[in-house]
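This briefing covers a few local features of one protein model. Please look at the sequence and the structure first, then read the points below.

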Amino acid sequence: MRIGLLGTGPWARMVHAPALSTHEGLDFAGVWGRRPAAAKELADRHDTRAYDDVDALLAEVDAVAVALPPDVQAGLAVRAAEAGCHLLLDKPVAATVAGARTVTRAARDAGVASVVFFTTRFLPEPEAWIAEQMSAGGWFTGHAQWLGAVFTEDSPFATPWRREKGALWDVGPHALSVLLPVLGDVRRVSAAGRGPGDTVHVVLDHVGGASSTLTLSLTAPPSASGSAVEIRGEAGVVRLPDSSSDAVTAFGRAADALGAAARNGRPHACDAAFGLRVTEVLAEAEALLADGAG
């Protein structure tokens, strides 16, 4: 599968491009970015071609991987789908529900496969753990903490969109990508409140009767950063395991999932429609936070 990369930021440099260039099943065909010089530098580093015209790249590949801010990603994902390209998207799919809905509709109408790169879902040990807990069932409650120090230490990820949207939209998708398959879809966001910095606390009611809480931050002290998920129910208390793999490996597995979905025509569990559902939950929590701030 010939695949192109849209984006040249930190995540593209650290994860997307290394994974695409070393994946034996992919032909890394080129890079497009909003900064042509950065696109050329990244393309040269991985022995591929830099494109000044995004539509020229879309015309020459079977799929695209997107490493761009969510508001930019949404519009380009629609263009890519309309050009017949399968979509390997970043989270969140879009900055608004309307944007995510447009991406989902475009992928469906074009008949292209889509996978959203929720990192944890493509790490081997967490992926197996999630499948095991889905089979077990009988869960009563869950709690997810995703705490980063993006804005309290020198980080390449202190980008404008993260400053605007905060932890809810940046690490919230990771937490939801673990809790939703295990506890079930969200029936309603029952509460949301603010903590220090950009920290938010969210309470979810799930369709199966379970409840869960999220604690999300990009402004945690560096010594307090990290992630943890714990769920409790008839099977006892279980915790999301760490993984021995890194994000580059996870991204390669996400690319494998996209290829499989493109070949067999079966939607992946982390497709654009799931990305839309995550966006809807985030937007509901954001609305509650705005009401509370008022």
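In helix α2 (residues 36-45), the residues A38, A39, L42 and A43 are buried, where buried means under 20% relative accessible area, exposed over 50% and partly exposed in between, with a 1.4 Å probe and protein chains only. This is a predicted model, in which local features need pLDDT of at least 70, side-chain atom pairs count only at pLDDT 80 or more, and totals for chains, interfaces and linings use all residues. Residues are numbered from 1 along each chain as its sequence is written, and side-chain values use heavy atoms, with hydrogens and water left out.

- Seen down the axis of α2, the buried residues fall within an arc of 130°, so they line one face of the helix; the arc is that of the directions from the helix axis to the C-beta atoms.
- These buried residues of α2 pack against β1 (2-6), α1 (10-22), β2 (27-32) and β3 (50-51). Helices (H or I, at least four residues) and strands (E, at least two) are DSSP runs, numbered from the N terminus.
- D47 lies in the loop between α2 and β3.
- The phi of D47 is near 55°, a positive value in a residue other than glycine.
- D47 is exposed, with a relative accessible area of 74%.

**Helices α7 and α8**

- The axes of helix α7 (residues 160-170) and helix α8 (residues 172-183) come within 6 Å and cross at roughly 15°. Axes are lines fitted to C-alpha atoms, for helices over the stretch in contact, and angles run from 0 to 180 degrees between N-to-C directions.
- α7 and α8 are therefore roughly parallel to each other (angles under 35 degrees count as roughly parallel, over 145 as roughly antiparallel, 65 to 115 as roughly perpendicular and the rest as oblique).
- A167, L168, W169 and D170 of α7 make the contact with G172, P173 and H174 of α8, contact meaning heavy atoms within 4.5 Å.

**L214 in strand β10**

- L214 is found in strand β10 (residues 211-217), and at 4% relative accessibility L214 counts as buried.
- Not counting residues up to four places away in sequence, L214 touches H143, A144, A175, L176, L179, V200, H201, V202 and L204.
- L214 and V202 are 12 residues apart in sequence and 5.0 Å apart in space, C-alpha to C-alpha.

**A cis peptide bond**

- K91 and P92 are joined by a cis peptide bond, with omega about -15°.
- P92 is found in the loop between β5 (86-90) and α5 (97-110).
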